[in-house]
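Thanks, everyone. I will take a few minutes on one protein, beginning with the whole and then turning to a single element. Please have a look at it first.

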Amino acid sequence: PVPLIANPDLHNGQVLIDKQTMTISALDFGQAVAISNAQRESALELLQTIEMIRLSKSGLAQKLAQAKVVRQLNKLSKEFNGGNARSFSNNEIEDLWKLGDRMDIFIKILAKFGSHNQVVPISVVHWILGMNRLVSLASKVGQPIDSLLAQHLVLNTVGLSLKNQNRVRKLEEKIKDFWSGSTHPCKALAL
């Protein structure tokens, strides 16, 4: 992937939605910030952590997830704060499992970073807010992306980087183009 932007302000008033072509066009990039590949990887890891909390509500699932969540938050905390980060404990994050909404969990995690006098890069915050908005907008045009997001999170969990996920996606597109007859066979295989 190449460095892009993270735009947290993708709501109905900031986008045009063409229901016939299923196209979403962003109008206002006023709150957008640059985001590096490393920051996107970190944002994906934080979103993965949020989803782990959101989806592990039973006693055993929560117990198993809690240790991983603590490790992940501590790893991200060191990344975001140059290695000078106070560690999170199981007790500090236990209340996250009382929340069900993705954004409620995210805001509570941000508050926990703040209570440790630590920062989360604004690009990471904007990327996660933008992803949440994209999930909502995609649903409105009848193209839900929850399963695609879940696929990214699972692939990231097993160690397939965002860069390699994008390579696989491009290969899938080229194969589809080839089989539909819109691409010459030699071009379909070029990566």
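Of this protein's 191 residues, 36% count as buried. Keep in mind that what you see is a predicted model. The C-alpha trace spans about 55 × 35 × 35 Å along its principal axes. There are eight helices and four strands, and along the sequence they run β-β-β-β-α-α-α-α-α-α-α-α.

Now contacts. Taking those with a separation of 6 or more, 66% are between residues 24 or more positions apart.

Next, helix 6, residues 146-157.

Which residues of helix 6 are buried? They are L149, L153 and N156. Viewed down the helix axis, these buried residues fall within an arc of 65 degrees, so they line one face of helix 6. The face turned away from that buried side carries the exposed residues S147 and V154.

What covers the buried residues of helix 6? The cover includes helix 1 (37-55), helix 4 (102-115), helix 5 (122-140) and helix 7 (162-180).

Last, the residue G159 follows helix 6, and its phi is positive, near 100 degrees.

Conventions: Residues are numbered from 1 along each chain as its sequence is written. This is a predicted model: local features need pLDDT of at least 70, side-chain atom pairs count only at pLDDT 80 or more; totals for chains, interfaces and linings use all residues. Side-chain values use heavy atoms; hydrogens and water are left out. Helices (H or I, at least four residues) and strands (E, at least two) are DSSP runs, numbered from the N terminus. Buried means under 20% relative accessible area, exposed over 50%, partly exposed in between (1.4 Å probe, protein chains only). Contact means heavy atoms within 4.5 Å. The arc is that of the directions from the helix axis to the C-beta atoms.
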